[in-house]
Amino acid sequence: MQLNGLNYHLRTFGCQMNLHDAERIAGMLEALGALPTDTAEQADIVVFMTCCVREAADQRLLGQVASLKNLPAPHHRRLIAVGGCIGQRDGAKLVELLPHIDVVFGTHNISSLPGLLTAALTGEGAQVEVPNEDEATGILPATALPAHREQPWHAWLPIMTGCDNHCSYCIVPKVRGREISRPFDEILHEVQALLTDGVVEITLLGQNVNSYGRDLYGKPRFAEILRAVGTSGVQRLRFTTSHPKDLSEDTIAAFAETAAVMPHLHLPFQSGSNRILSAMNRHYTAEQYHNLVRTVRQAAAAAGKGDQTLMGSVALSTDIIVGFPGEDESDFQATCELVREIGFAQAFTFIYSRRTGTPAAELIDNTPAEVIQNRFQQLVEIVQQSAWQQNQLELASTTTVLFEGNSKRDATMLSGRSPKNTTVHAPMPTGKTLDDFIGRILPVRIETARTWYLRGELV
Ligand code: 5AD
Ligand code: SF4
């Protein structure tokens, strides 16, 4: 099986797990001799890593695949492969809808992609292979494949796949299957290999990292993972995503006390209304969320994380859904209130999207779309205000920055991330080039604080 002389182009939608699966696909295709290209025009193979968490991502995929139909190929033909969550959900239906698709694969069989591409290349017609997790036993899991990392200094490290929760709006458990944790030792081995390879920052991935290990060891072992990876020699450790209902005292202690674990926590709350939280099947109340955040901040401040004040100890980010079926004005106001009270550094806000096959898809909703749109706008403004306030706390402080590249708007500016995951810009010193900074962690004194970034001078 060889792909020598062929160019591939990867397009990835959705979450970090997809980004990482895409790195594994790149690693696999390049091991077989294929070369990456920046555009679909130049590519003999176009691979889409898809997301179906909201309808917008579905529509975007269909539009992009359709637009390739009559695009001339660089050589005699172009193969189109669709994988990830839509591949898993729709299987052969995708080829019925768009007959110029050559390969459909799912979330459990990334390692089958080269074989499917080869079969399609040799004229065996469209190849559709979408096993569910039980049928996929024997297929190499994605986590076993070598990755071609986007940035040499950063690695995504999946510690588990799937999700055992039943949030009523969410399609993820259907397309990613049940929770499967990777063995503890396997994770630590991968960490060692990444460190040898020069990685300075690792982000642990899972739909719900807090329950890591429950399936394998009968009890969650995420706190142990944090401590073990956090003391491995890695300079920065991050993780996502945490479900509030599973964030244990032990995990909070490990988060607070392990110096390499960055003072940033992504903790989706989805809604500030207890009635809606219950309909979402989230298993916590707004008050419990509030208390949890207080506990995390107190533990972090006591352990000397962040700037050691209660607000400044940990930067919080979150996900919020607006327009869940039955959400009324008072429910929405409860969401706004929670955002104002907590002080989020960042919040990803989404308009509820009905997903066929989820329990919430059966619920009736009479709220007009304009009302939901209007609430969404209000929420975006409150989130911006909150992010701006959080950034003001950083003024005049000195923070370490892991440099990633140039500012997109201004090539004379270096750009990177603070421990709290805020974007920080600093002017490039004269006589230096980007290569002097990329992947390095250096102190910056903060002089300007805007809504979505900080700016300062290298110290
Ligand atoms: N509609 C809107 N947002 C959703 N999310 C998940 N499912 C839906 C849906 N059906 C959001 C949640 C989750 C994030 C990854 O996507 O906020 O945390
Ligand atoms: Fe979806 Fe809930 Fe699982 Fe997150 S925890 S992936 S929102 S079901």
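Hi everyone, let's start with one pair of residues: His-266 stands opposite Ser-317 in strand β13. Before going on, a word on the source: this is a predicted model, where local features need pLDDT of at least 70 and side-chain atom pairs count only at pLDDT 80 or more, while totals for chains, interfaces and linings use all residues. Residues are numbered from 1 along each chain as its sequence is written, chains are lettered from A and ligands numbered from 1 in the order in which they are written, and side-chain values use heavy atoms, with hydrogens and water left out.

Back to our pair. Three bridges join β12 to β13 (residues 315-322), and these strands run parallel. Two strands pair here if DSSP finds at least two bridges between them; helices (H or I, at least four residues) and strands (E, at least two) are DSSP runs, numbered from the N terminus.

Now a second open sheet of three strands, with the order β7-β10-β11 and parallel pairing. Here β7 (154-158) and β11 (236-240) are the edge strands, each pairing on one side only. Five bridges join β7 to β10 (residues 201-205), running parallel, and Pro-158 has Leu-205 in β10 as its bridge partner. Helix α1 packs on this sheet, touching β7, β10 and β11, and its direction makes about 105° with that of β7. Contact, by the way, means heavy atoms within 4.5 Å. Helix α9 lies across β10 and β11, running at about 155° to β11.

Helix α7 (residues 184-196) packs with α9 (residues 222-230) at an angle of about 25°, their axes 10 Å apart. That makes α7 roughly parallel to α9; angles under 35 degrees count as roughly parallel, over 145 as roughly antiparallel, 65 to 115 as roughly perpendicular and the rest as oblique. In the contact, Phe-184, Ile-187, Leu-188 and Val-191 of α7 meet Glu-224, Ile-225, Ala-228 and Val-229 of α9. By class, that is seven nonpolar, no polar and one charged. (Ala, Val, Leu, Ile, Met, Phe, Trp, Tyr, Cys and Pro count as nonpolar, Asp, Glu, Lys and Arg as charged, and the others, Gly among them, as polar.)

As for α1 (residues 16-31), its axis comes within 10 Å of that of α5 (residues 113-121), crossing at roughly 55°. The two are therefore oblique to each other. Ile-25, Met-28 and Leu-29 in α1 meet Leu-113, Pro-114 and Leu-117 in α5, a contact with six nonpolar, no polar and no charged residues.

Finally, some antiparallel pairing. Strand β15 (residues 398-406) pairs with β18 (residues 441-449) in the antiparallel sense over five bridges, and Val-401 has Leu-442 in β18 as its bridge partner. Five bridges also join β18 to β19 (residues 453-458), again antiparallel, and a hairpin joins these two through three residues.

How values were computed. Axes fitted to C-alpha atoms, helices over the stretch in contact; angles between N-to-C directions.
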